[in-house]
Structure formats: C-alpha cells, structure tokens
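Here is a short briefing for a first look. Keep the sequence and the 3D view open as you read.

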Amino acid sequence: MSSRPTFLGAVEIGTSKISVLVGEYTGRELAIIGCGECSSRGVIKGGVVDYKAASECTHSALEQAERDAGERIDHVFLAQTGGHLEGFYNEATVTVKALDNMIDAGDIRTVCDLAKSKELPTGRAVVHHIRRPFRVDGSLVSSMPENIGGQRLEVGYWTVHGQEQRLADNIHVIRGFNLEVRELVLASLAAGHMVTTPEERRHGVLVLDIGAGTTDYVLYRDGAPHTTGVVPVGGTHLTNDLSIGLRLTDGQAEKLKLRFGRASVTTKDKATKVMLDGNFAIGDRQFPQQAIEQITAARTWELLEVVKKKLGNAFSPETCAAGVVLTGGTAKLAGIADVAAKVFGVSAHLGEAPTWVSENLRDPAYHTSLGLLYYGVSSQADKSPPIRRVGGFIDGVKRLFANS
Amino acid sequence: MSKDLHIAPTARSWREIPQPVKPRAMSREGKWRRMTSVLRAMGATLVVGGVAWGLWEVTRTLQETPRKMPEAARAVAIKQLELRTDGVLDNAWLARTLALPKAVSLMELDLQSLRLRLMASGQVNAATLTKNFPDTLKVQVGERSPVARVMANWRGESRALVVARDGVVFEGVGYGAAMLATLPWLDGVKLTRTADHYQPVENMGLVAELLARARLDAEHLYQTWQVVSLARLESDGAIEVRTKPGTTVVFGVNGDFLQQLAKLDYQWEALATAPNPPRKIDLSLGREVSVSFQPLPNFNLVPHSLLKTKL
C-alpha cells in the first residue's frame, strides 16, 4: 500500500437529494473528511431521466464535498438503486475430486464458477454476485471449506443485475466530473452494512432503506446477504397522496408530511386541526390531523406489505431473529417501526449509525453514503481471490503487483 | 467429476461498461479537473526529468572538472603558451597576436575571442585553443600556404603581401626572403579592402593550380616566371605569365595545364638557339601554338597591381 492516503468519494444519486461523502483511507483507517449535498433534479425512482440536470446536481455536490474536504477525490463508490435492479438465486454442486474426500482449492473454484455461470438476457449486466455460505454434504460451513472432508460441495449465489443502459447513465454522470467509478454498490447493501452488526446479520435481519423514490431492502441470513430487492415506492408517494387527498401543492404536502405525518393513526378526534405553516399568515390553512395520518399510515402500511410480498418465502419470522431495521429519509416518519413490527411480525427499530460517526452524519439519510464508503473499502480489500496459494510463488508475486 | 463439467461464461458485469467520456460530454468542472490532471502529469514529468538532468549534469561536471580546481586555477597565472602549427608561425607571433595581459589566469580567458584574434591574421586557417590547467594555454593552428605575392598598401605603407590558394591575402609572417623570392607576383587583380583586411582574390584557385602544376612538373620553367597576370582571365579566359627573359606566355584556363606546360617546354627548348627570345608564346589556342618574335614595346616589369590597387 502506498504511503499517500487515498481520497474516496461515496456518491448516492437519490430521488430527492444527492449526497457525497469524502473519506480519507490510509490503508488501515478510514476517516470522513468532507460532505456535500444537493437537491436532486432529473432523477425519478432512482433512475437518471434527465442526464444534464442530474449531472449538474451531482457535480455540484461533488464540488461541495471536495471543497469541504480540501482534497480532490481519487475515485468513487457509487450507490445503485432503481426498479430495474433484480436478483436471482443460482446454486451449484460438485463432487469432491480427491480420493481422500478432502476439498481443495480447485473444487471451490469450480463450484463457485458453476454457481455464477448463468446467462442474463441481452442488455442486462451483473452488479453483484453475493455468495451464500458453502455447504458440505448438506451441512453449513461458515468459512472457506478448503481442507474439510466431504463428498459433496454446494454453494449458491444471489446475483443482482440491472439494465446496462441505466447503470451506464449513472456511471457517466460521475465520469462527466472526470472521476472513475471504482465500485458500484447496491444501496441496500451499503445501508445494511452500516446499520447492522455482524451478530444481527448472523441471526437474520431485514434492512429497509426507505428513500424518497424507492425502498431498497436486504435480508441477511447466516451472516451474509440472502436476498436483496428494490420497490419503486418511497416517501414521495406519501407526499403525492397527501397532495391529492388534501388538494395541496407538492411543497405544502411535503411540509405537512414532515411535520404531522405518521405511520399509524393515533389521533382519535376528527376535529383536531393542524395549521399548514403555523404562522397564521395569509394562505395558512387548517387541516384535519386524522386525515393526514390516515393517508400516510395507509401508504406506509401498503409499502411494507409490498416489500413483504416481494420477499415471499425468503422471509419468515423464524429466520429473522434480529428483526427489521429501518433506515433512509422516510424512516424518520413517526411510528414506522411499530407498523413494520406489525407487518413483519418481528421486532423493528430505526437503524443507527455506529457511535464513532460524528453527530452531523448520524441522520438516516446519510446511512447509505456512509455504508458505501465502508462497504466499498472492505470489498476492495477483499478483491484478492479467496483461494490462496494458487500457482505458487510467481503468481503470488504477480498478485502483489496487481494489487499495488 | 467436477473437472469435466461445462462452465458457461459468466454474465456481463457492470465493469465491462466503458467508462471513458469525451471531454465535450464533461461539465465545466470535469473539463477543468481533466486539464489540471494533464498539467499535473506534465509538471511531474518535467520535474522528474529536470531533476534527473540536473543530477546527470552535476555528476558529469564533478567527473570532468574536479570541484577544487577552479579555486586553485584562478590564482595561477599563465606560465606557458604552447603553439603547435603545420606552418612557420612561432611563439613570438602567438604572444604578439594574443596580447594577453600579464599575470592573467586560465580561468579569466575567453577562448572564443582569442581564437577570433588568431583567425583575423589571415595566415591562420584553423585554430584550437585548450586550457591545460593549471598554467598552460595550448594553441594548435593550421596555416595557409602562400602561392604568389602581391603589392598592396598595408597599414599605411606599400608592401608585398602574399596570397594563399583560396585567394586570402595576408602578411606572410615567418617566411624566409629566399622562399618569398621564388613566388611570382600577381598582376591584374583588384584588391578590395574591408576593415582590417583585403577581400580574397577571385579565381585564385585556377592560378594556384597552374603554379602548382608548373612547380611540380616544369620547375625549370617556373623559376623563370616573374609575374602572373589575371587581367585577361575574366574576359578571355587566359592567364598571362611574364618570364625573366621577357617572354609573355599565355595559358588558356579551358585547356589542360599539363599539356600546355609540355608544349611550352618543347617550344622553349626549340627556341633556345634563336638569336632573340620570343616576345610571346600563346598556348591558349588549343592545338596550335602561336609564337611571336615581333618586337614589342618595352614591357614594364613593375606589377600592375601597384598601379591599379584601390586603396
């Protein structure tokens, strides 16, 4: 590793805002040294629909983050979300070759290659191959199964893929700032990595990252991501419903949602009114609080139900002992954890960033960007193949130079 | 066995999406970043190159010129002027021409200006000056050889100068009087003066060739040659040679000098018994030789250059 620190950028191009964090990575430690944020334009449900507008906003956020950090970003980890992202599970089995039934590196490589060798439709590109734990003769092996005795080796991969054009659009927004995209990370994985502990992931936990345009989820089992997905519904839909139901502009509806919106109806009295602005100025109006709560609660419930339905058999309260963790901007909606607990039948709580994260970055809206940095750094560190001692000394030297 | 399994190629990854973007697709800030990156790379290359070149120069200087030498050399005056020449110039001429101040050290010398001083004499064709630390200045010169004499005004007085094969007129330092007496006089040339010297004589190459040929192959004839006139060279293509007995020999520059000399030798022998030497032998007529015995008006043996030289 070189002595010069690397300045990494974590970029989340969201529907409501674009956030950029700058991290200084020394090879051992990662410190957040800069932050930039800009209201998003040209992005709908996580996808770039107006390249120029999206580029302007993203570049503005990047510029702000670099100015805040006082350093130039070397390369970027980019969060990926949107309804075009899909996932499938594929597994493979091989019979152990060795006469003494000892699993070697070749067996592991073969089964991994087999499990990943599934063709995609034209125009689709793989974003992640997420490996689930190995199984030897049906028994789960949490670590690498090399030198373990057995006859049958199994492994499965959860493959996340998306529309190549949509992925390219996001990448080109960053390239327009003359920055290289080093890693493309699923937003749910990034957020999940930040708000859950390894213990929770081992016990099984569902992370919901509810943003403005999309809801990303990841279900962890046995310490690894089991299923991921994206629902193209988010906080904006609550705002839209309020806007239509109460005949308000989007801006007014957003204001009401943030001040009085709830995931469950707690106001019993229909006559309880709330003011739009509360300053009794011209244009300030009264609205029944129960109506606001009814609208937001119905939509929130529906959103969570959709996620549960998409998870299908992958989710069950028994395999999700650590419950549901909510994050993202819409997770700040009052009472949402209680509703999630009711919908999924397990405990639910709001995700919190680790204690070492500074106060101004503890907002759920930053969890994805924070997770991006840490997930990106750890995945870069894991880039070297899991199978060691392949090809002897010469290959080792080659790898050394390849990684430097 | 797993070894025999067919593994399909893995699906296309996002990493295969090409990332290069044309500059026109970049935002203003992106272009600025790109330009600064290029400038930084160029700057870094220049700095690295400059440092490498500097190190190389320092190493070379240290190897070729020991560091302490300049201080030592600055304090030592020149003690010896060493001249190597292929001609007749000597150390006295060198000292006179260089006119170095007393107690000057090698470090204070400007070799280029000294070289120009040497070259200005005209007699020096090439000069190389070398500082031999601590106290010796080595001078190596190549000299011009004189082929003829010419009368000219030199530094306010009329005196004989010599002319080299390439037409350069110079003072002719160090030549013995006997050697100079063997050189014929040049006549019919117009000397043009610029600054401190004369312009080279034109067409001197032809004359030098004739003289060299005569000196080598017909020395007995050459010894009788007193004046070589270039008066008709441009107009008639003829070189006139006036001999001691008073005969004028005309050589044609279009013919072979050796053949013309052979004809002259033959005629010279044939006419040896004649009561009077011929007044004119014309060898410029090709195969024919015209010999004239008709008495001519008294020929003035004083070189014309004395009369025609423009000062």
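Which side chains does a polar contact of 2.5 Å join? They are those of A:E183 and B:R15. Keep in mind that this is a predicted model.

- The polar contact runs from the side chain of A:E183 to the side chain of B:R15, at 2.5 Å.
- On the chain A side, A:E183 sits in strand β12, which covers residues 180–186.
- A:E183 has a relative accessible area of 6%, so the residue counts as buried, the cut-off being under 20%.

**Chain B as a whole**
- Chain B has 311 residues, and 36% of them count as buried.
- Its secondary structure consists of 10 helices and 14 strands.
- Take the contacts in chain B between residues at least 6 apart in sequence: 53% of these link residues at least 24 apart.

**A nonpolar patch on chain B**
- B:W32, B:M35, B:V38, B:L39 and B:M42 make up a nonpolar surface patch.
- Together these residues have about 510 Å² of accessible area.
- One of them, B:M42, belongs to helix α1 of chain B, residues 28–64.
- Is B:M42 buried or partly exposed? B:M42 counts as partly exposed because its relative accessibility is 48%, and that class lies between the 20% and 50% cut-offs.

Methods:
Residues numbered from 1 in each chain as written. Chains lettered and ligands numbered in written order. Predicted model: local features only at pLDDT ≥ 70, side-chain atom pairs only at ≥ 80, totals over all residues. Heavy atoms only, no water. Helix = DSSP H or I, 4+ residues; strand = E, 2+ residues; numbered from the N terminus. Buried < 20%, exposed > 50% of the residue type's maximum accessible area, 1.4 Å probe, protein only. Contact = heavy atoms within 4.5 Å. Patch = residues over 30% accessible without salt bridge, like charges linked within 9 Å, V, L, I, M, F, W, Y side chains within 5 Å. Areas by Shrake-Rupley, 256 points an atom, 1.4 Å probe, with all protein chains shown as cover. Salt bridge = Lys/Arg side-chain N within 4 Å of Asp/Glu carboxyl O. Polar contact = N/O pair within 3.5 Å; in protein donor to acceptor, adjacent residues only side chain to side chain.
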